[in-house]
Amino acid sequence: MTRKVLVIGLGLIGGSIALALQKAPETKIIGYDMDAQTREHAKTLNIVHEIVADPLVVAAEVDVIIFGTPVNATLDWMEQLKSWPLKNKVIVTDTGSTKKLIMQKASELRELGITFIGGHPMAGSHKSGVLAAKAHLFENAYYMLTPLAGEEIVHMAQLESLLKFTHAKVVSVSASEHDHMTAVVSHFPHVIAASLVHQLGGENGEYPMTRSLAAGGFRDVTRIASSNPILWRDITLQNREELLTQLDGWEKEMTRIKELLMEGSSQDIENYFAVAKELRDELPISAGAMYTPFDLYVDVPDYPGVISEVTGFLADEAISITNLRIVESREDVFGILVISFQSENDRERAAACIQKRANFETYIS
Ligand SMILES: NC(=O)C1=CN([C@@H]2O[C@H](COP(=O)(O)OP(=O)(O)OC[C@H]3O[C@@H](n4cnc5c(N)ncnc54)[C@H](O)[C@@H]3O)[C@@H](O)[C@H]2O)C=CC1
Ligand SMILES: O=C(O)C(=O)Cc1ccc(O)cc1
């Protein structure tokens, strides 16, 4: 019997889930997005097996419904779901970055006999939209589930048996634990990244050159400020209380830094950075990794055209790269070319290809 999965919202996350779940046997993925162009792209790129212009048309025949919509839109859909002609055993889940309000709404659905298990894959990027969707986006990332208390094991097992095709690490937490932890490692950093960019924007009048100097460090810490504003509006609104708590902590931290700057010794200041470095260096790489480019370092001789030669080899073997930078390049000295890939597999293929075609030394940092 074919299992039918309906994905509502086919952007970066919904599109990626749809692609990953296409690998599940005897499973038909049906998709809907409110944006007509997204529906068109989803159809032409085979993100789903079938696209519908109205999810209600297929509601009565699907076994699983997954929301890939911004979190406020998900709440609206959950309200609408109450009057849909659903199968008795349907399992509904979402992918949203917040969980408390969504699980409150889930309790209302449970009273009507509809099973809703909250979900949040901790992988993604600042990119959005169906064109950024990737089947392997969730590989090795944590995928948090927030079942309601007393959720039946059989429902959890059914959902997990489907989500295993994302190759993520599925873990269960409560909605309030979820919203606290994600505020710390994801939501608050997005607020800070946006605030740093605003602070840079304030320089435009008097020091317009400053923005041209924004290089590695600034770009690293503000990458996520390029995320979809609608997504972050909704997340901020739904996790407002946790964000306010984080902001209180941040203000205290800033006061500590102010005191260090005013009265701290050079040793105190060094310690401040040293402790931060130690904590940062100890962060587990895969745990909750949001965006992990697979970097390959290539020792290249410094002659004109060497970079296009290397990228040409990769293009010949259809290996896509996501980024490319040179970390050292001096006359008569080997330069280090750092090429980023989307997956471990692409990186391994690239290393083999470069060694075969040019015999340049490659290594992983
Ligand atoms: N961007 C990220 O890295 C991550 C996002 N999430 C969560 O996943 C969900 C989706 O985010 P993304 O895929 O990044 O956003 P996105 O902007 O790439 O995609 C959202 C899609 O939903 C559609 N949409 C918006 N409102 C709709 C509605 N009312 N009905 C039907 N379709 C609607 C949009 O047209 C768009 O195609 C959000 O809840 C977000 O919090 C979770 C993990 C990571
Ligand atoms: O790009 C990044 O680093 C992210 O932070 C992606 C992200 C965005 C929202 C989430 O709920 C989880 C992950």
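## Reading the shell, domains and strands

Me: What makes H1 stand out in the shell around ligand 1?

Reply: Helix H1 gives the most to that shell, with three residues. The model is predicted. H1 covers residues 12–21. Helix H3 (71–81), strand S6 (115–121) and helix H9 (229–238) are also among the elements that each supply at least two residues.

Me: How many residues surround ligand 1, and which are the closest?

Reply: The shell has 29 residues, and the closest are Gly9, Gly11, Ile13, Gly124 and Ser128. A residue counts here if its C-beta atom, placed from the backbone, lies within 6 Å of the ligand. By class, the shell holds 15 polar, twelve nonpolar and two charged residues. Gly is counted as polar in this division.

Me: Which domains does the shell around ligand 1 draw on?

Reply: Domain 1 (3–173) and domain 2 (178–281) each contribute at least three residues to the shell. The domain assignment also gives domain 3, residues 294–363.

Me: How do you know that domain 1 and domain 2 touch, and how many residues take part?

Reply: Contact requires C-beta atoms within 7 Å. The contact takes 14 residues from domain 1 and 16 residues from domain 2. On the domain 1 side, H3, helix H4 (100–111) and strand S7 (142–146) give two or more residues each. That side divides into seven polar, five nonpolar and two charged residues. The C-alpha centres of the two domains are 32 Å apart.

Me: Why is S6 called largely enclosed?

Reply: A residue is buried if 20 or more other C-beta atoms lie within 10 Å of its own. Seven of the seven residues of S6 are buried, so the strand is largely enclosed by the rest of the structure. Thr115, Ile117, Gly119 and Pro121 point one way, Phe116, Gly118 and His120 point the other way, and all are buried.

Me: What makes S5 and S7 partners of S6?

Reply: Two strands pair if DSSP finds at least two bridges between them. S6 and S7 have four bridges, in the antiparallel sense, with Pro121 opposite Tyr143 in S7. S5 (residues 91–94) and S6 have three bridges, in the parallel sense, with Ile91 opposite Thr115 in S6. Both pairs therefore meet the requirement of at least two bridges.

Me: Why are S3 and S8 called edge strands?

Reply: The open sheet has eight strands, in the order S3-S2-S1-S4-S5-S6-S7-S8, with mixed pairing. S3 (50–51) and S8 (169–172) each pair on one side only.

Me: Why is Val300 called buried?

Reply: The cut-off is 20 or more other C-beta atoms within 10 Å. Val300 has 21, so it is buried. Val300 lies in strand S9, residues 294–300. Val310, ten residues away from Val300 in sequence, is 9.0 Å from it in space, C-alpha to C-alpha.

Me: How do you know that the span of H10 agrees with its length, and how many of its residues are buried?

Reply: H10 runs over residues 240–263, and at 1.5 Å a residue its 24 residues should span 34 Å; the end C-alpha atoms are 34 Å apart, so the two agree. Two of the 24 residues are buried, and H10 is hardly covered.

Me: What share of the protein is buried?

Reply: Of the 365 residues, 31% are buried. The protein contains 13 helices and twelve strands, and its C-alpha atoms fill a box of roughly 70 × 60 × 40 Å along the principal axes.

Technical notes. Residues numbered from 1 in each chain as written. Chains lettered and ligands numbered in written order. Predicted model: local features only at pLDDT ≥ 70, side-chain atom pairs only at ≥ 80, totals over all residues. Expected span 1.5 Å × (residues − 1). Buried ≥ 20, exposed ≤ 12 C-beta atoms within 10 Å, placed from the backbone. Domains from an automatic or database assignment. Contact = placed C-beta atoms within 7 Å.
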